[in-house]
Structure formats: C-alpha cells, structure tokens
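Biologist: I have not worked with this structure before, and I would like to learn how to read it step by step. Could we look at it together?

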Amino acid sequence: METPEKNTEPFIQTVIRTIITTTIIAVMLIWLHVFPAGDKSKLTLFEMIWTAIFCIVFGGHWLELLFINYLKFALPKSILVLYFTRIAYWFLCSIPLFFMADLMINLFSGKAAHLGQWWTFGFFYIGIQLIMQAIMHIRYKKSFYNGVY
C-alpha cells in the first residue's frame, strides 16, 4: 500500500511564520480598537492580544497538520463528507484553542477577562479558516477549495 504524502515544514519555519502572522494580526486588532483597553497600557493590551492570537495560530497549525496528515485518510473519499467533516473539525478544534487563548488573556489581566462565548468563537474560527484557505487557493496552493487538503 502506498504511503500518503505528509505535509511537513521545519519547526523553526513554523515558529517564524507564526510570529510574523501573529504580530500582523495583533497590530491590526490594536489599530482597529477591537479590544477595549480599559485601564491597561497599549503595550500590556498588545501583549495580551498577541499571546492569545499566538495560541490560536500556533495551536491551529498543529491541529490542521493532524487533520491533513492523519485524519483525512481515515475518512470516506466522498467530497461532501470531507467538506462537512473538515468544517465540523474546525469547530471542534476551536474549543481548546478558545480556552487556551482565554487562559492567556486571564494570565495578563489583573481581573477576570473573557473572550466571549466558546461556541461563537467556533463559528468565527470556521470563518477564519475559510479565509485562510481562500488565500492559499488564490496562491495556487493546496486548500480546502481544491480537494479538501
């Protein structure tokens, strides 16, 4: 039996790409005033946002690799089943990512801070994934849109 192609990337490349992506997203969120500063300095707010986003991006990368390299090969080859499963997988992956990011926000905050509802974040995370997959598709890379990669 033929071994399926595994998606691999050097760890340092993953870390560097994640740091750059996280920094860009955190700067945009600070600039758009998405999170209220309250009594926090801009640097403290940036650290909170950056850490939460890093948890989501870095953790999401490894959960995506789990699906791409292992789980999808155990699924039926029906494209509709693969699309539905991938979207459901994204929703389920958003749960630990949400709680990890929420924990990081609370570590930086002097009082209890919450990102919102976990299930709302699940739908938001699916949207993020669909946008990221669209960017990969536009760049002619393997993506959700061209074969549930």
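Predicted model: local features only at pLDDT ≥ 70, side-chain atom pairs only at ≥ 80, totals over all residues.

Biologist: How many helices and strands does the protein chain have?

Modeller: Helices (H or I, at least four residues) and strands (E, at least two) are DSSP runs, numbered from the N terminus. By that rule the protein chain has four helices and zero strands, and its pattern along the sequence reads α-α-α-α. Its C-alpha atoms fill a box of roughly 60 × 30 × 25 Å, taken along the principal axes.

Biologist: What share of the residues in the protein chain is buried?

Modeller: A residue is called buried when its relative accessible area is under 20%, exposed when that area is over 50%, and partly exposed in between, using a 1.4 Å probe and the protein chains only. Of the 149 residues in the protein chain, 33% are buried.

Biologist: How do I describe the way in which two helices pack?

Modeller: Two packed helices are described by the angle between their axes and the distance between the axes. The axes are lines fitted to C-alpha atoms, for helices over the stretch in contact, and the angles run from 0 to 180 degrees between N-to-C directions. Angles under 35 degrees count as roughly parallel, over 145 as roughly antiparallel, 65 to 115 as roughly perpendicular, and the rest as oblique.

Biologist: At what angle do the axes of α1 and α2 cross?

Modeller: The axes of α1 and α2 cross at roughly 135 degrees and come within 8 Å, and the two helices are therefore oblique to each other. Helix α3 (residues 79-108) and helix α4 (residues 118-138) also have axes that come within 8 Å, with a crossing of roughly 120 degrees, so α3 and α4 are oblique to each other. As for handedness, a crossing is left-handed if the near helix is turned anticlockwise from the far one by less than a right angle, and right-handed if clockwise. The crossing of α1 and α2 is right-handed, and the crossing of α3 and α4 is right-handed.

Biologist: How many salt bridges does a search of the whole structure find?

Modeller: A salt bridge is a side-chain nitrogen of Lys or Arg within 4 Å of a carboxyl oxygen of Asp or Glu, and the search finds two of them. Glu 64 pairs with Arg 86, with the closest N and O atoms 2.4 Å apart. Because Glu 64 lies in helix α2 (residues 42-69) and Arg 86 in helix α3, this pair ties together parts that are 22 residues apart in sequence. Both Glu 64 and Arg 86 are buried. Arg 17 forms a salt bridge with Glu 9, where the closest N and O atoms are 2.7 Å apart; Arg 17 is partly exposed at 34% relative accessibility, and Glu 9 is partly exposed at 25%.

Biologist: Which residues form a nonpolar patch on the surface?

Modeller: Patches are made of residues with over 30% relative accessible area and no salt bridge, where like charges are joined within 9 Å and nonpolar side chains (Val, Leu, Ile, Met, Phe, Trp, Tyr) within 5 Å. Accessible areas come from the Shrake-Rupley method with a 1.4 Å probe, and for residues only the protein chains shown count as cover. Here the patch consists of Ile 12, Ile 16, Ile 20, Ile 24, Met 28, Trp 31, Leu 32 and Val 34, with about 870 Å² of accessible area together. Met 28, one of these residues, sits in helix α1 (residues 11-31) and is partly exposed, with a relative accessible area of 45%.

Biologist: What should I look for in the backbone angles?

Modeller: Most residues other than glycine have a negative phi, and most peptide bonds are trans. His 33, which is not a glycine, has a positive phi of about 55 degrees; His 33 is in the loop between α1 and α2 and is exposed at 60% relative accessibility. Tyr 140, also not a glycine, has a positive phi of about 60 degrees; Tyr 140 is in the segment after α4 and is exposed, with a relative accessible area of 80%.

Conventions: Residues numbered from 1 in each chain as written. Heavy atoms only, no water.
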